[in-house]
Amino acid sequence: MSENQKRSSLLRKKPIAFGEENSALKRALGPLELTTLGVAAIIGTGIFVLTGVAAANYAGPGLVLSFLLAGIICAFAALCYSEFASSVPASGSAYTYSYTAFDEVIAWILGWDLILEYGFASAAVASGWSGYFQSLLSGFGLQLPHALSSAYNPGKGTYFDVTAAAITLLITFLLTRGVKEAARANGIMVAIKIIVVLIFIGVGVFYVQPSNWQPFLPFGISGVTAGAATVFFAYIGFDAVSTAAEEVKRPQRDLPIGIIASLAICTLLYIVVSLILTGIVPFHMLNVSDPVAFAFEFVNLHGLSWIVALGAITGITTVLLVMMYGQTRLLYSMSRDGLLSPVFSKISGKSQTPATGTWVAGIIIALFSGFISLGHLAELTNIGTLFAFAVVSLGIIVLRKNNPELKRGFKVPLVPWIPILSAIGCVYLMTRLAALTWITFFAWLVIGLFIYFMYGRHYSHLNPLRRGSAADEAKGK
């Protein structure tokens, strides 16, 4: 029996070299596709929706500092993700990293946490897409039946958000066609929304009124930090890049490039957009669902407002694409390890994607986005992401200590200080979230642990009893 098999079932750890080179997934992505994948996930809901909410309710013009603070913490975490991605190039993101650095229980907790992050974030983003799309339709004098225009709320006469469910299923279909095809469509949509953001910057700068930046910190420093915790949702996309590890041509070189480049591009855009947005519109007027488009309406640029709305729809579509992509690859990785049903790791011979699992996940997300209002669950995405970032950061310290000889295509500088600063920053922002968010998050983790001890612990491929049983069956054949 191997050393790993002798470990307590609660402490078993996946070996570093676990055969990712034999992955059934097709390696088709390079640094450009990975960077656009990251930009696709980051530039979307955050820049087109959260900028207004955070400015009006938390940070005011100081929103630029909120984005800067969140960006710095994300940069530290991104460095840690980059080292893991270059040394453990396998699907699963933080789940796989924690499986090699810590043990199976921590890995399950991280995986279950990421299911929360990707799944409910996808549903929330689909709901946001629906709102923008219906707003665009109304501009043409078209309107959906009221009962099918929003999530289940009999008091308001709404029962199902049909457009949110429809876009979710459409993205699901696209993902089952193959990763290269999805990346190509994603690249086109990323180009469109970047052009729209640059139009906003190029035109909006001429309408800035510096008096709107006074007072710059109307809610003080505490407002800036609360704003950073709120807008952190805007940065969650870069970790989705690492979920593509087994579909990258040269993962040890290309993954760090994709992660760091996408985060740097998006942080710069967030800072510039938030500065111009609060310079055009007084911050207290920005608590609207479409603040960027509203800014052009505010200065009577109605034609450009329509273009921004169209760009927002495109931008949110790419966020949904990458969130759902990350969800399916996470489920694939956990299923391949035996912790979830085998249905999620079954690969389609034609597209070389986990098509069946993608459809199962897509249908469930479509139902959530259609029936349920996910405002609070969107907040859970923040706490789930911050928790994952903190654990991954600490995992670098553990991996350096336990596997100093491991080949690394990228190394985090100033270890252990940068990983420690990353973890401290993430935990601090977690403390700025509401108590109800913490309670719900812990309830989600308790449910996850119940599933693990009832199913995953027994069916795990690292379970020596299961492996012994499988060997006996093989001998008997």
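Start by selecting Q327: leaving aside neighbours within four places in sequence, this residue is in contact (heavy atoms within 4.5 Å) with L114, I115, Y118, G119 and I365. Before going on, a word on what you have open: this is a predicted model, in which local features need pLDDT of at least 70, side-chain atom pairs count only at pLDDT 80 or more, and totals for chains, interfaces and linings use all residues. Residues are numbered from 1 along each chain as its sequence is written, and side-chain values use heavy atoms, with hydrogens and water left out.

Now colour the helix around Q327. That is α13, residues 302-336; helices here are DSSP runs of H or I with at least four residues, numbered from the N terminus. Q327 counts as buried because its relative accessibility is 5%, where buried means under 20% relative accessible area, exposed over 50% and partly exposed in between (1.4 Å probe, protein chains only).

Next, select N212, in the loop between α8 (179-204) and α9 (220-231).

Last stop: L144, which sits in the loop joining α6 (104-139) and α7 (162-176). With 24% relative accessibility, L144 counts as partly exposed. Apart from neighbours within four places in sequence, its contacts are Q134, V162 and T163.

Methods. Helix = DSSP H or I, 4+ residues; strand = E, 2+ residues; numbered from the N terminus.
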